[in-house]
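Good morning, and thank you for making time for this presentation. I would like to take you through the side-chain contacts of one protein chain. Please turn to the sequence and the structure on the screen.

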Amino acid sequence: MADFFDALDDKHIAMIGKQPVFFVATAAEDARINLSPKGYDAFRVLGPKRVAYLDLGGSGNETHAHLAADGRITLMFCNFDRPALILRIYGRGRAVLPQDPEWAELSSHFEMMPGTRQIFDIEVESVQTSCGWGVPFMEYREERETLKKAHRQTDPEEWVAKYQDRTSSIDGLPTRPTDRFIAGE
């Protein structure tokens with residue numbers, strides 16, 4: 001049975017804080033639905049009605065394109081331990097890039113990682129919990145360091161040039177490129 005809430009409460013926030021992985025889904029008209037897993041210490045609850053997550057450069061930039069076109073985003077957290085629980089955050093989001101005026105305030109909530117491209121700032125519209133009884137037990141072992149390692153080994157000027165050229169999604173929707181390399185940790 002699903003329960004809906006207008007905002008995150010302390011139990012929701014505690015559950016989110018224990019999860020090493022979360023999932024992000026976005027869509028835009030006439031575009032593919034994008035569903036991505038996210039790891040690292042990249043998610044922050046900024047208040048009962050506001051969350052954000054740090055995004056590193058990777059294979060594409062679909063979330064950015066979809067949020068610019070449509071704004072809707074769903075985040076899902078699954079408890080792979082006890083108690084069984086699935087938590088979804090439905091909201092509206094936007095990309096904040098290092099060159100944006102809001103960057104300094106928003107980025108202060110995170111420890112920057114190599115290759116940080118943007119932060120997604122999300123207004124929570126509703127929260128849903130459900131049983132999660134069909135989710136298997138899984139044990140967290142460790143983070144993969146490959147993405148951060150690849151970004152650490154890149155030349156900052158080459159990195160910026162590469163991401164300056166990525167101005168559209170796989171479906172041709174526009175994105176705004178970041179204008180600087182974030183070295184991070």
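Let me begin with the charged pairs. This is a predicted model, and it contains 13 salt bridges.

Consider D55, whose side chain meets that of K38 in a salt bridge, at 3.6 Å from N to O. D55 belongs to strand β5 and K38 to strand β3, residues 34-38, so the pair ties together parts that are 17 residues apart in sequence. Both D55 and K38 are buried.

D55 also has a salt bridge with R117, where the closest N and O atoms are 3.0 Å apart. Here the pair links distant parts of the chain, with R117 in strand β8 and D55 in strand β5, 62 residues apart. R117 and D55 are both buried.

Next, I turn to R176 and D100, whose side chains meet in a salt bridge at 2.7 Å, N to O. This pair, too, links distant parts of the chain: R176 sits in the segment after α5 (156-164), D100 in the loop between β7 and α3 (103-107), and 76 residues separate the two. Are these two partners buried or exposed? R176 counts as partly exposed because its relative accessibility is 36%, whereas D100, at 13%, counts as buried. Beyond these pairs, salt bridges that share partners join R50, R94, E102, E105 and D121 into one network.

I now come to the nonpolar residues. Which members of the largest nonpolar core touch the most other members? In this core of 20 residues, they are F43, Y53, L75, F77 and I89. The elements that give two or more residues to this core are helix α1 (10-17) and the strands β2 (22-26), β5 (50-56), β6 (72-79), β7 (85-96) and β8 (116-130). The largest share, 4 residues, comes from β8. Another core, of 13 residues, lies apart from it and includes W103, L106, F110 and I182.

Finally, the cysteines. How many disulfides does the model have? The count comes to 0. C78 is in no disulfide, and the nearest cysteine sulfur, that of C131, is 11 Å away.

Thank you for your attention.

Definitions and conventions:
Residues numbered from 1 in each chain as written. Predicted model: local features only at pLDDT ≥ 70, side-chain atom pairs only at ≥ 80, totals over all residues. Heavy atoms only, no water. Disulfide = S-S within 2.5 Å. Core = buried A, V, L, I, M, F, W, Y, C linked by side-chain atoms within 4.5 Å. Buried < 20%, exposed > 50% of the residue type's maximum accessible area, 1.4 Å probe, protein only. Salt bridge = Lys/Arg side-chain N within 4 Å of Asp/Glu carboxyl O.
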